[in-house]
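Please examine the sequence and the three-dimensional model shown below. The paragraphs that follow lead through its backbone geometry, its sheet, its helix packing and its salt bridges.

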Amino acid sequence: MPEEPELTIQGWGPTDPTDAGGDVTRALPKPALKYLTRELGWTPRSTPPVAVDQIRLGPSRLSEEARSRFVELLGEENVRTDRDSRLRRAGGKSYLDLLRRREGDASDAPDAVVLPGTTDETAALLTACGDLGVVVVPFGGGTSVVGGLAGVDPDDRPSVALDLSLMASVQSLDVPSSLVTVGPGMRGPALEQALDQAGLTFGHLPQSWEFATVGGYAATRSAGQNSTGVGRFDELVAGLTLATPSGVLELGSPPASAAGPDLLGLALGSEGTLGVITEVTLRVRPKPQSCAYEGWSFRSWAAGLAALQHLARHDLLPDIVRLSDPDETRANLLMASGTGARLLRGTLRTRGHGAGCLLVLGWEGLPSIVRVRKEVASSLLRDGGAVRLGRRIGTSWKAHRFSAPYLRDRLMDAGLLVETLETAATWTALPTVYDAVRRALRESLTRDGRKPLIMSHVSHGYPTGASLYVTALADLDDALPIQQWLTAKRAATDALLGAGGTLTHHHAVGADHRPWMEREIGPLGVEVLRAVKQRLDPQGICNPGVLLPD
């Protein structure tokens, strides 16, 4: 049997890089703690999760007939109804997911966990589930932050989590063609380790990289921290296999084909609503021989956006781009401890950038090409008023690039609301979207004179625009914590769509965003997706609670 997922039931992961024994007053540097208490009107207090054995979980509703049929297909060891297996696949890792489980609510847990090992087994399982009326929710790394694993079914049928961990190996590697075919349950670190032996890399590094799987990347059209350079995940997929209740689809014909509409695009981003992705063929590249990460500073957010737009227009954006607004910059600098951090804060004040914006850039590739790209971009940045801060900032960001979700766990333990949302907009609309989202979150999260802290950054650049990633921190409403964020999320989503932003840039739709899906793609677009689902999934068993609005 495969090892259990590493993610914990009530938090992000088992090992916290900011480990301070669960004490936020030790996890945060003193300047950061003082800043948050002053800005938020927050008094750190203990709001720990209930004990795991106190989490409420109803008995499995899976019938004996269904269980017997699944065992016949997969074997006894690959059909599980025990409490621990079900709890570990109970929803994803959004703030609301964690809040519910911290309060002892695991009502979204599946009735069973099934583990097919091949495309044929997956297809047979989907046929059986269609016959038996059992809902299927694919489960990879469990890192959805938009309710993508809720398993909500309007008919309240039993559900199974279809765990992909038995399909987690490299199926084939074509080095001359720069293609690799892998199972959907393969995680980012394992993929990079396998490719490294051939001098290759995939280079897709979302914040969930430690745990998320290739199948999850495909199902949600993921974007990674290097996506400005190497491309979004959907741009890196050359083909995939989709097992559906109506049969198996083999999609994609590398290197390119003009044989009608590209059906591969229907599977990418389908979030498990059409079937289960059982193989993915990816475009890979040589492992970079040179990597250069560094920090820059701008006096203002507007100046930073203008400089990035200028770089994008001339196709000079680095592979990694992360521009923080003044609030996020201030918080990041306060989170950094030691003499070096104090000297940096002093330098910025001396240069007139004390309330400025931090920019982290990264270039990867052949040494000669990295050097030229870096020199040309640096010249344009200086023309835009930027001040170079050196490699220490870039190196520090790289070392801590996956640590934020662990810190969220500690902040939640201390009475804080901590959640994120994201969008994308054209360069023209981006400032308006930024202002609208911040205003909506501030107004909806201000309570009894205590204001939230809203921090933003741009992290994916395009010739036509960029993404916007927003983090909200606020003093927790102990009486109505779930409603507190639902109200804010609704206000922020209405605001960003009204200002010209996209519904989502890389978190996907899930259950959280589906009420607004029609605003993004139009009524006819929704009907097209429903027609495809009806053809591939006539019984509606494939992850019915996400993507498509009611």
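**A guided reading of the model**

Asp-448 is placed in the loop between helix 17 and strand 17; helices (H or I, at least four residues) and strands (E, at least two) are DSSP runs, numbered from the N terminus. The model is a predicted one, in which local features need pLDDT of at least 70 and side-chain atom pairs count only at pLDDT 80 or more, while totals for chains, interfaces and linings use all residues. Residues are numbered from 1 along each chain as its sequence is written, and side-chain values use heavy atoms, with hydrogens and water left out.

Most residues other than glycine have a negative phi, and most peptide bonds are trans. Asp-448, although not a glycine, has a positive phi of about 55°. With 67% relative accessibility, Asp-448 counts as exposed; here buried means under 20% relative accessible area, exposed over 50%, and partly exposed in between (1.4 Å probe, protein chains only). Asn-543 also has a positive phi, near 35°, and is a residue other than glycine. Asn-543 belongs to the segment after helix 19 (517-536) and is buried, its relative accessible area being 2%. A cis peptide bond runs from Pro-254 to Pro-255, with omega near 5°. Pro-255 is in the loop between strand 9 (247-251) and helix 10 (264-267).

The next element to trace is a sheet. Strands of a sheet pair through backbone hydrogen bonds, either parallel or antiparallel. In this model, 7 strands form an open sheet in the order 15-12-14-13-17-18-16, with antiparallel pairing; two strands are taken to pair if DSSP finds at least two bridges between them. Strand 15 and strand 16 (416-426) are at the edges and each has a single partner strand, so one side of each is left without a neighbour in the sheet. From one strand to the next, the twist averages 20°. Strand 16 runs antiparallel to strand 18 (residues 465-475), and 11 bridges join them. Within this region, Glu-419 stands opposite Ala-472 in strand 18.

Helices lie across several of these strands. Helix 16 (residues 404-413) lies across strand 16 and strand 18, at about 135° to strand 16. Axes are lines fitted to C-alpha atoms, for helices over the stretch in contact, and angles run from 0 to 180 degrees between N-to-C directions. Helix 12 lies across strand 13 (320-324), strand 14 (357-365) and strand 17 (453-458), and runs at about 100° to strand 17.

Helix 12 also meets helix 2: their axes come within 7 Å and cross at roughly 140°. Helix 2 is therefore oblique to helix 12, given that angles under 35 degrees count as roughly parallel, over 145 as roughly antiparallel, 65 to 115 as roughly perpendicular and the rest as oblique. Pro-31, Ala-32 and Tyr-35 of helix 2 make the contact with Asp-327, Arg-330, Leu-334 and Met-335 of helix 12, where contact means heavy atoms within 4.5 Å.

Which residue forms a salt bridge with Asp-327? The partner of Asp-327 is Arg-442, and the closest N and O atoms are 4.0 Å apart; a salt bridge is a side-chain nitrogen of Lys or Arg within 4 Å of a carboxyl oxygen of Asp or Glu. Asp-327 is in helix 12 (residues 326-335) and Arg-442 in helix 17 (residues 430-445), so the pair ties together parts that are 115 residues apart in sequence. Asp-327, at 14% relative accessibility, counts as buried, whereas Arg-442, at 36%, counts as partly exposed.

The whole structure contains 29 salt bridges. One of them joins the side chains of Asp-111 and Arg-61 (3.2 Å, N to O). Asp-111 lies in the loop between helix 5 (95-102) and strand 2 (112-114), and Arg-61 in the loop between helix 2 (30-40) and helix 3 (64-74), 50 residues apart. Asp-111 counts as buried at 3% relative accessibility, and Arg-61 as partly exposed at 39%. Another salt bridge pairs Glu-294 with Arg-388, with 3.1 Å between the closest N and O atoms. This pair links strand 12 (residues 290-298), which holds Glu-294, to strand 15 (residues 387-390), which holds Arg-388, across 94 residues.
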